[in-house]
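Good morning, colleagues. Please turn to the structure on the screen, and I shall take you through its charged pairs and its core.

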Amino acid sequence: NLTIVAAHPGWPWTDELIAMAIHKRNVFVDISGWRPRYLPAQLKHEINSRLQDKVLFGSDYPSLTPGKVLDELEQEHFKPGVLDKICIRNAVRVFKLEGLV
């Protein structure tokens with residue numbers, strides 16, 4: 001029943017976090033603490049495929065403002081619908097916010 005949201009892309013264990021998030025239904029990744037352009041390539045690849053339902057938006061405010069992070073996310077050219085999942089739909093599902101948003 002435990003939900004785990006790992007922050008800061010699991011660095012320096014990004015590959016291990018990707019594997020856990022793919023394998024375990026209760027493990028999620030937030031992207032806080034990293035400018036999107038510097039996210040590890042393997043994480044960007046998985047966000048665009050197997051992890052698109054397991055990644056949550058985070059900015060690490062005030063160090064990184066939400067607007068700056070969102071602007072950079074848009075420049076990463078994720079598949080259609082992926083940013084909507086990262087920024088809204090995944091959090092609504094994970095935190096059981098249906099009907100509140």
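Six salt bridges are found when the whole structure is searched; please bear in mind that this is a predicted model. In one of them, Glu 72 meets Arg 35, with N and O 2.4 Å apart. Because Glu 72 lies in helix 3 and Arg 35 in the loop between strand 2 and helix 2, this pair ties together parts that are 37 residues apart in sequence. Glu 72 also forms a salt bridge with Arg 37, at 3.1 Å between the closest N and O atoms.

Lys 85 belongs to helix 4 and Asp 53 to the loop between helix 2 and strand 3, 32 residues apart.

Let us consider Lys 54, in that loop between helix 2 and strand 3. Lys 54 is buried but has no salt bridge; Asp 53, the nearest side chain of opposite charge, is 9.1 Å away. Among the residues that Lys 54 touches are Ala 21, Phe 28 and Asn 90.

Finally, the core. The largest nonpolar core comprises 19 residues, and Ile 31, Leu 43 and Ile 86 are among those with the most contacts inside it. Helix 1 contributes the most to this core, with three residues. Ile 86 touches residues including Ile 31, Ile 47 and Phe 57.

Note on methods:
Residues numbered from 1 in each chain as written. Predicted model: local features only at pLDDT ≥ 70, side-chain atom pairs only at ≥ 80, totals over all residues. Heavy atoms only, no water. Core = buried A, V, L, I, M, F, W, Y, C linked by side-chain atoms within 4.5 Å. Buried < 20%, exposed > 50% of the residue type's maximum accessible area, 1.4 Å probe, protein only. Helix = DSSP H or I, 4+ residues; strand = E, 2+ residues; numbered from the N terminus. Contact = heavy atoms within 4.5 Å. Lys, Arg positive; Asp, Glu negative; His and termini not counted. Salt bridge = Lys/Arg side-chain N within 4 Å of Asp/Glu carboxyl O. Lists of a residue's contacts leave out its neighbours within four places in sequence.
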